[in-house]
Every structure is written in C-alpha cells, then in structure tokens.
Amino acid sequence: MVRQTSRIGLILRRFAVAFAMLIAFFPIFWLISTSFKPYDEWAQWPPVWVTERPTLQNYRIVFAPDAAREFAATQAGSLDYKVSGSAWKAFGDSTIISVSATILSVAFGTLAAWAMVRFGTGGENYPFQFLTVRMFPPIAVVVPMVVLFSVLRMSDTYLGLIIAYTAFTLPFSIWMIRSFIEEVPSELEGAAMIGGMTRLQAFRSVTLPLVKGGLLATALFIFILNWSEFLFALTLTAGDVVTVTVQVANYVSASSGKLYGVQAAMGTVSTLPVIFFGYVIQRHLVRGLTFGAIKR
Amino acid sequence: MSTEAVQRHSGPDARKGWGIPIGLASVLPAQITVLFVVLMPTLIVIWLSLTDWQPTAGVPWYRAEFIWLWNFYDLWYDERFLNSVVRTVFVVAVCVGIELLLALALALLFLDEWPWRKLAVSVIILPMMIVPVDAANAFFMLFNERGPINHLISVVAGRPYEFSWLSHPLWALIPIMLAEIWQWTPLMFLLVLTGFMNLPENQVRAALALGASPPRILFRIMLPLLLPVIVVALLIRSIETFKIFDPVYILTRGGPGAATETISMFMYNGAFVYFRIGYIAAAALIVLVLVVSICMALARPIKRFQG
Amino acid sequence: MTARLELIDIHKRFEDTAAVNGISLALAPGEFFSLLGPSGCGKSTTLAMVAGFLEPDGGEIRVEGRSILHLPPQARRIGLVFQDYAVFSKLTVAENLAFGLEVRRVRRAERRRLVHELAQRLALTSILGRRGGSLNMSEMQRVALARVLITNPELLLLDEPMSNLDAEVRASLRGELKRIQQDLRQTVLYVTHDQVEAMSMSDRIAVMREGAILQVASPDEIFRAPAHRFVAEFIGDPPINMLPATVEGDGSSRIARLPANWILPLGPGELAEGAYLLGIRPHELMLSAASGTGTAAGIVRFLENLGAEHVLHVELGDMLIRVSARPGSARIGEGVNLRTQSWQGLLFDARTGNRVPVRALGAAA
C-alpha cells in the first residue's frame with residue numbers, strides 16, 4: 001500500500017520484525033530449553049541457555065511415577081516434592097473433559113445459532129444475552145458454583161467441569177457459528193423445503209454440509225479454550241479429576257518453584273496440542289476471538 | 001458486533017410435532033446450560049452475600065446466619081478489596097494500552113508483501129496459542145532471580161544482578177503484566193492487521209497521489225477508518241484482562257502480601273484460602289453488577305457506532 | 001491550470017506480455033481526451049504510468065515539454081480520480097477538499113477560501129459538513145473531482161469513474177463531468193471501456209487494442225471513418241454489420257458482391273479486386289418496398305424493441321444483419337427487402353482489418 005522509499009527504512013523495518021519474532025519466541029524457547037536440562041543446571045548462575053548435556057529425565061519424571069519417586073529419593077531430597085500421579089492421568093482427564101465439552105458446546109451452539117439466524121428466535125438482542133456470560137469474571141460464578149456442585153454431588157467430577165466449560169464456551173460457539181450460517185443464503189434451505197424436506201432435514205442436508213469447515217474450526221477453537229482453562233479446573237476439582245493446567249500449576253507451586261526442569265517439561269508437552277490446533281485454525285482465529293465480529 | 005438484520009422465516013410450519021416452535025426448541029439446550037451455570041449461581045450468590053457463611057464453621061450453607069448488608073459495609077472499608085479493584089483497573093489500562101500501541105506499530109510493519117511475511121506472522125502470533133498457565137510458567141522462570149532476564153541485565157550492567165522480581169511488593173506486578181502483554185499483543189496485532197488489510201485501498205492511494213506523507217495518511221485516513229476494529233479489540237481485551245487470574249496465580253498468588261492481588265485473585269484467596277464464602281459472595285455480586293452495568297452502558301453507543 | 005501532455009513511444013511489459021506496446025499521444029491544453037478500449041487493452045496501464053504508479057520500460061512522458069518520469073506520484077502535478085472515487089469516508093467534504101492543501105501547507109484562511117470557492121462552482125456548499133461515507137454517487141464524483149482540482153493539477157486523470165454506477169446515474173454524471181471540465185478548461189485524460197462515455201464527452205478519442213492505438217480522432221470521425229474494423233465494431237450502438245464482400249470490376253462500374261446475391265455499386269478509388277469486409281451501420285439500412293438491383297431479400301428473425309425504434313435481425317444468406325427500423329414496420333418471420341441509405345462506404349481489408357478508402361455510391365445516389 002504505502003510505498004517504501006528509503007532503503008535504510010526498509011532494513012530497519014525488517015529488523016524490527018525479526019526482533020518481534022525473537023521476543024515472541026523467546027519464552028517458549030526458554031521453556032523447551034529448560035525441559036532438556038539436567039538437574040544441576042536448573043538453577044545454575046549464570047543460567048545455562050542451551051544445555052550441552054540434554055536429557056529426557058524431566059519428561060520421564062512427568063510421565064512415569066517410578067522415575068518421579070526415584071528422583072525424589074535421590075536428588076530432590078531437600079526439595080519439597082509433593083506432586084504425585086503421572087501426567088498421563090492429567091492428559092486423559094483433560095482429553096475427556098475438553099472433548100465432551102467441545103462436542104456439547106458446538107452441538108448446542110449450532111442449534112441455537114441456526115434458530116437465531118433462520119427464525120430470529122428470541123429477537124435481535126437475544127444473542128447478546130449469551131455474550132454477557134463471557135463478560136462475567138468466572139471467579140464470581142465459581143464461588144456459588146462450588147456450593148451448587150457440592151449440593152448436586154458434582155464437585156470433583158468430569159460432569160461438573162464439562163457443564164461449566166460448555167456454558168462458558170457457548171458464547172463463542174453461538175456467535176462464531178452464527179457468522180458462518182449467516183454466510184449461507186436461506187434460499188438454499190427454502191429450495192430444499194419446496195423439494196419436500198422438513199425444516200430440520202433442510203438444515204441437516206443443505207446448510208450443515210456448507211458450514212462443516214466452519215464447525216470444525218469452531219470445535220478446534222473451543223477445544224483450545226477448554227484445554228487451556230485453569231480457574232474452573234482449579235476450584236471445582238480436588239484431586240480425583242486433574243486437568244493438565246492444574247498439573248502444571250501443581251509443579252510450579254509444589255516446591256516454591258525449584259523444579260524448573262520438570263515444570264518446563266510439563267509445560268512443553270501440555271501446550272503442544274494447543275499450538276498445533278491453533279495453527280490449524282489460524283485463518284479463523286480472528287473470527288473466533290471477536291465472536292464473529294471481524295471476519296477475514 | 002454484527003448487527004445485520006436477522007432473517008425471519010418463522011411460519012406456521014416452523015413447529016415440531018409436540019407443539020414447541022422449532023426455533024425455541026433449538027435454543028433450549030444452550031439456554032438451559034447457561035441458566036444452570038449462570039442464573040442458579042447468581043441466585044445462590046445473592047443469598048450467600050447476605051450471610052457470613054464459612055464452610056469451615058460446620059453449618060450447611062442454607063442455614064448460615066443472615067447478616068443483612070454487613071458484608072457490603074465491610075467491603076466498602078476493606079482496603080485490600082478496594083486496592084485489588086484499583087490494581088485491576090490499572091493493569092487493564094496499562095496492559096491493553098501497551099498491547100494496542102505495540103499491535104499498531106507491528107501491524108504497520110506488515111502492510112507490504114515480502115517473502116517471509118507469512119512465516120513472520122505465524123511466529124509473532126505464537127504467544128496467543130500457548131496455554132496461559134504455561135505462558136505464566138515460562139515467565140516464572142524468566143524472572144527468577146537466577147533466570148535469563150537477570151542474566152541479560154547483568155551482562156548489560158556489567159555486574160551480577162540477582163533481583164528477586166516476584167517477591168518485591170512493587171516490582172512483582174511487572175512480570176505479571178509483561179506475561180499478559182506478551183501473550184495477548186499478538187491477538188491485538190492480528191485484529192489490527194486484519195483491519196488494515198480490509199481498508200479501502202484506493203483512499204490510501206488517493207491520499208498518496210495528493211502528496212500526503214505516510215504519517216499523515218496513517219493518522220488522517222487509516223486510523224479513522226480502523227477505529228471500529230480498534231474499539232472491538234479494546235473492548236474484548238479489556239473485558240478479558242479484567243478477569244486476569246492465571247498469571248497472577250502462577251507467578252505470585254497475589255503476593256508478596258496482597259501486593260499483586262487483582263479482583264479475581266482477591267476473591268480466590270478470600271474464598272479458597274480464608275474460606276470467607278459469604279464475604280466473597282458479596283464481593284462477587286458487586287463485581288457482577290459492576291461488569292454488567294458497564295457493559296450495558298457501553299452496548300448502546302457501540303452498537304450505534306458499529307452500525 | 002491546464003497543460004499539454006505528451007506520451008512518446010511508451011512501452012511496458014508484464015512478465016512476457018506487452019501491456020503497452022509503443023504508444024504515442026499528444027493532448028492539447030484543455031482537451032478532454034479518452035483512452036477507449038476493452039479490458040486488457042493497456043489503457044489503465046498507460047494511465048498508471050502517467051500517474052507515476054508504474055514505470056514505463058521505455059519511452060518518454062512530458063508535461064509542458066518537461067519529462068516527468070523521474071518524479072514520484074506525489075510530485076507530479078496530476079489529479080487522479082479513482083474508479084470508486086475513493087472519497088475519504090471518515091473526513092467531511094470540507095476536509096476532503098482541504099486535504100491536498102493541508103499537505104501543501106497552505107495557510108488556513110487561504111484553505112477556507114479555496115474550499116468555499118470550489119465548493120460553490122461544483123455545488124458542494126450545502127454538503128461541506130457531511131462525512132464522505134454518507135454521500136451519494138453524484139456527490140462523491142464531485143467531491144473526488146473537487147479534491148484534486150483544488151490542488152490546481154496540470155492534468156486530470158480519470159480511471160473508469162463511472163463503471164460502478166447505474167445506467168441512469170451514469171447519464172446524468174456524464175453531463176455534469178463534461179460541464180465541469182469545460183468550465184475549468186482542464187486537460188483531462190479519461191480511461192474507459194464504455195464507448196458512450198467516450199463519445200459523449202471527449203474532444204478526441206484514442207481507441208486501443210492489445211497495447212496499441214488503432215486510431216486517434218474526434219468522436220465524429222471515429223464513428224464516421226473508423227480506421228480499422230475493430231474500431232468500427234467497437235463504436236456504435238446497435239453495432240455495425242460486417243459483411244464479407246467481393247469487389248469486382250474497375251473504374252466506374254465497380255461493385256461489391258455481398259451474401260444473398262446482394263450487389264452494391266461502389267464509387268471510384270484505389271481498390272483492387274478481391275475479398276473485403278464491408279461495414280454497414282444499422283441506421284444505414286432501410287426496408288424497401290421494391291426488390292431489384294441494390295436490394296437484398298431476407299427474413300426477420302428477431303426484433304429488439306428499443307422503444308423509439310426497433311432493431312430487426314434480418315437473415316441474409318447465412319448471416320444475421322441488424323437493421324434500424326421504425327416501430328411496426330416489420331414482424332418476426334416476415335420477408336423484407338433491404339437497401340442502403342446514406343451508406344458511408346466503409347470497406348476493410350479482409351486480412352489486415354485496415355480501412356480501404358473508397359467513396360460510397362449508395363443505392364440512392
């Protein structure tokens with residue numbers, strides 16, 4: 001657009017971009033780098049930037065209880081090492097909860113979005129009602145929810161977190177899917193209905209295939225939110241259910257932060273799936289994070 | 001937000017077999033879920049806020065002592081609570097402001113095409129893909145007294161520097177805000193860049209042909225056109241930052257003392273460390289009313305603005 | 001202000017296609033000059049080179065005799081009006097007009113005076129306070145014009161400024177634009193693919209095809225004496241009929257033999273016997289009551305009702321010929337006789353497409 005005239009200006013601009021890339025990548029580099037450091041390099045001064053003796057020990061401690069016990073007995077004797085259980089459990093729990101909540105959120109969201117777009121159900125301002133959910137600080141809802149869940153015997157269960165996650169991602173799924181459905185002309189459904197289909201059949205066989213890609217993007221986006229969620233997972237569980245974020249927090253706080261290598265290993269593996277999915281739906285990120293307000 | 005006219009096609013045929021309109025039936029699952037997780041807790045929170053219930057006292061929550069509005073009275077004079085509110089507003093203003101400025105500056109570097117542009121965008125948006133807890137974890141290590149930040153400062157200063165950022169009452173907020181800014185500037189960047197890319201290109205060309213300098217084009221032509229996108233971005237980020245919890249919990253838990261307590265952290269500590277549920281419920285109610293009324297006050301002008 | 005523009009042997013290649021292939025033009029001061037041609041003919045590329053957004057591979061562009069090739073767009077004293085007008089939508093009309101003056105650091109009082117002066121001439125005074133985004137097409141066109149005119153450009157470039165508009169709006173904006181141009185005596189280079197726009201507004205037209213200029217002439221001459229069959233076919237509505245013709249005989253008894261045994265006598269001229277293309281505009285044909293020499297018999301196959309007149313599509317041998325006729329003069333399926341009426345005598349070389357000069361000897365003559 002604006003034409004570049006000076007050569008030095010161009011070089012400075014590219015340099016600034018490179019610097020921004022460096023800043024963006026550095027904390028992640030540090031996380032990954034630390035995850036391969038042997039025990040004695042974790043807290044060395046001056047800090048080791050890239051270890052010359054890479055080890056997988058940290059990952060073993062994260063995943064294998066045996067390695068963790070052995071580590072606690074031998075090297076971390078002085079450290080307050082309390083984290084029990086392997087990361088497998090956290091990954092399993094997070095997967096179960098995130099996948100279930102994602103499916104529910106997208107299913108409910110698709111139905112609601114369709115009704116809003118095609119029937120104007122609830123009126124013009126109805127979709128905003130769902131947005132307000134996103135404006136609530138979750139902590140304000142968490143306090144009574146802990147009470148409510150204990151009454152319903154849902155605290156520290158999969159079901160409790162699944163319901164909470166579903167509700168708190170519904171604003172995203174409804175608004176995002178709404179913006180996808182709005183791009184499909186309603187005449188297509190109308191034509192199918194003239195051909196003898198019911199409304200629901202017309203939706204299923206005409207609109208749904210057309211927004212399939214959008215639904216998938218929405219699902220991945222919501223999966224990312226669910227997988228990354230921390231506050232609900234922290235307050236609505238008590239050890240029976242452990243999500244990856246809670247497991248990370250456990251490592252960080254277990255020993256007032258001396259288990260750098262293990263922390264870093266857990267941090268690295270827990271964020272990998274999210275980064276992967278994030279890049280898969282990179283094109284739709286803007287739409288998702290602005291509730292469909294800004295499209296590409 | 002999108003205010004396109006809603007298409008209406010409800011007719012006599014828009015009904016299911018058992019007489020519920022199909023539109024209503026379709027929004028029901030979503031509506032019930034939200035009511036269950038938002039409305040019920042809100043009712044409970046109203047009740048709790050009028051009691052002094054503490055789970056450790058051995059009385060079930062519905063039989064807790066009713067103390068009228070004393071919780072609210074106490075909160076009004078609770079400096080820790082008021083400080084957390086002021087601190088949160090401060091964090092929102094500083095973080096979102098810096099995020100916007102950085103995002104604008106970054107986006108301006110990406111207006112033309114060059115070979116590794118796509119790769120650069122992908123790397124720069126990496127932070128927003130990270131699980132927030134892990135991002136905070138990384139910053140926890142970076143700002144450790146024996147971490148790379150202190151190392152870099154040592155190298156520049158030429159003498160060993162082992163400052164303990166996270167245990168200093170004043171400076172501990174810096175790593176928290178930096179983590180927040182680092183993680184969410186990419187989102188702002190992506191929004192602003194999308195806005196720039198969708199600008200009517202000929203208006204920029206016309207300004208150029210009229211002889212305007214790049215800064216004048218930016219401030220007179222591009223930024224005014226970009227304003228709706230900027231408002232959406234600011235709003236979304238402000239709402240999200242207002243809820244800030246993960247980095248505070250991981251980095252300081254609100255400490256040292258209450259030096260880095262944001263509203264969310266204050267309420268977490270009150271409810272899950274000191275178990276003063278009734279008291280925190282009152283705080284939660286205040287925050288809910290505050291947030292909802294701010295949003296309602298903003299909704300009308302923004303809708304008009306967007307339209 | 002008004003200036004002379006010269007383009008001398010301009011070349012521009014994109015990869016391996018020649019977008020502009022050696023064109024030369026000279027615009028007189030105050031002239032309304034159109035570049036007319038189908039999309040991809042190189043007219044917009046030419047305009048972009050004059051504006052300075054593209055650099056020619058070869059050739060010279062001069063304003064008032066001085067080369068402007070080394071100048072960046074903003075240093076050329078050229079006003080550019082875009083296809084979508086590109087009115088600054090967030091600025092008021094007054095701010096739009098003042099923009100170019102602000103850039104040139106004209107003092108505030110002077111700016112106000114110039115804005116009001118020009119606003120008056122272009123009937124913008126009543127909308128000076130409105131935002132660019134709220135204007136209609138006619139207002140946008142005038143704002144876009146005023147915005148560049150106020151900077152006193154030596155040359156005004158307009159890039160298909162009406163292609164996004166409804167036919168109705170277009171007609172009224174054409175008149176408006178021409179009036180403003182005459183009023184200000186501004187040199188204008190107008191790029192369009194619409195022959196009606198070019199014909200109705202221009203002093204002269206350059207018809208372009210495949211990066212080259214086929215003819216530069218006044219609208220009248222372009223219509224009456226097209227230099228090439230492409231020009232003849234591009235100009236005129238309804239379009240011209242092109243018939244294969246065989247020229248026979250010599251001297252005064254020369255004839256053109258057309259399909260369906262139609263024979264037209266030709267006037268004197270340097271003309272060899274052989275195959276040609278003969279152009280007859282629909283208005284140069286009429287229905288004839290009598291058959292005989294100089295007429296052709298055909299059957300009406302379609303009929304376009306244009307209100308004031310009908311365009312008959314008459315089957316002649318294996319061709320369809322368009323004929324303008326008064327409403328009601330023929331019905332579909334009816335057999336009719338055609339003869340020429342004040343035919344201009346357009347004859348084109350069948351191979352090169354160039355026009356062959358020949359005097360017409362219409363059937364009436």
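Predicted model: local features only at pLDDT ≥ 70, side-chain atom pairs only at ≥ 80, totals over all residues.

Student: Why does a count of 15 make Ile8(C) partly exposed?

Tutor: The idea is to count the other C-beta atoms within 10 Å: 20 or more means buried, 12 or fewer means exposed, and the rest is partly exposed. Ile8(C), with 15, therefore falls in between.

Student: Where in chain C is Ile8(C) found?

Tutor: Ile8(C) belongs to strand S1 of chain C, residues 5-14. Leaving aside residues up to four places away in sequence, Ile8(C) touches Ser24(C), Gly59(C) and Glu60(C).

Student: How do I compare distance in sequence with distance in space?

Tutor: Read them as two separate numbers. Ile8(C) and Ile150(C) are 142 residues apart in sequence, and their C-alpha atoms are 29 Å apart in space.

Student: What does chain C look like in numbers?

Tutor: Chain C has 8 helices and 20 strands. Its C-alpha trace spans about 80 × 45 × 35 Å along the principal axes. Of its 365 residues, 41% are buried. Among its contacts between residues at least 6 apart in sequence, 65% join residues at least 24 apart.

Student: How do I read a nonpolar core?

Tutor: In soluble globular proteins, nonpolar side chains tend to be buried together. Here the largest nonpolar core has 290 residues. Leu189(C) is among those with the most contacts inside it, as are Val143(A) and Val192(B). Not counting residues up to four places away in sequence, Leu189(C) touches several residues, including Leu5(C), Leu27(C), Phe33(C) and Leu155(C).

Student: Which chains touch?

Tutor: Look for residue contacts across chains. There are 2 pairs of chains in contact, and chains A and B share the most contacts. Chains A and C do not touch, their nearest C-alpha atoms being 10 Å apart.

Student: How many residues does the contact between chain C and chain B take from each?

Tutor: Each of the two chains gives 15 residues. On the chain C side, helix H2 (residues 93-103) supplies the largest share, 3 residues. That side divides into 8 nonpolar, 4 polar and 3 charged residues.

Student: And how do I read two packed helices?

Tutor: Give the angle, the axis distance and the handedness. Helices H9 (residues 201-209) and H10 (residues 214-242) of chain B pack at about 145 degrees, with axes 10 Å apart. H9(B) passes H10(B) in a right-handed crossing. The contact residues include Val204(B) of H9(B) and Ile217(B) of H10(B). They divide into 6 nonpolar, 1 polar and no charged.

How values were computed
Residues numbered from 1 in each chain as written. Chains lettered and ligands numbered in written order. Helix = DSSP H or I, 4+ residues; strand = E, 2+ residues; numbered from the N terminus. Contact = placed C-beta atoms within 7 Å. Core = buried A, V, L, I, M, F, W, Y, C linked by C-beta atoms within 7 Å. Nonpolar A, V, L, I, M, F, W, Y, C, P; charged D, E, K, R; others polar. Axes fitted to C-alpha atoms, helices over the stretch in contact; angles between N-to-C directions. Left-handed = near helix turned anticlockwise from the far one by under 90°.
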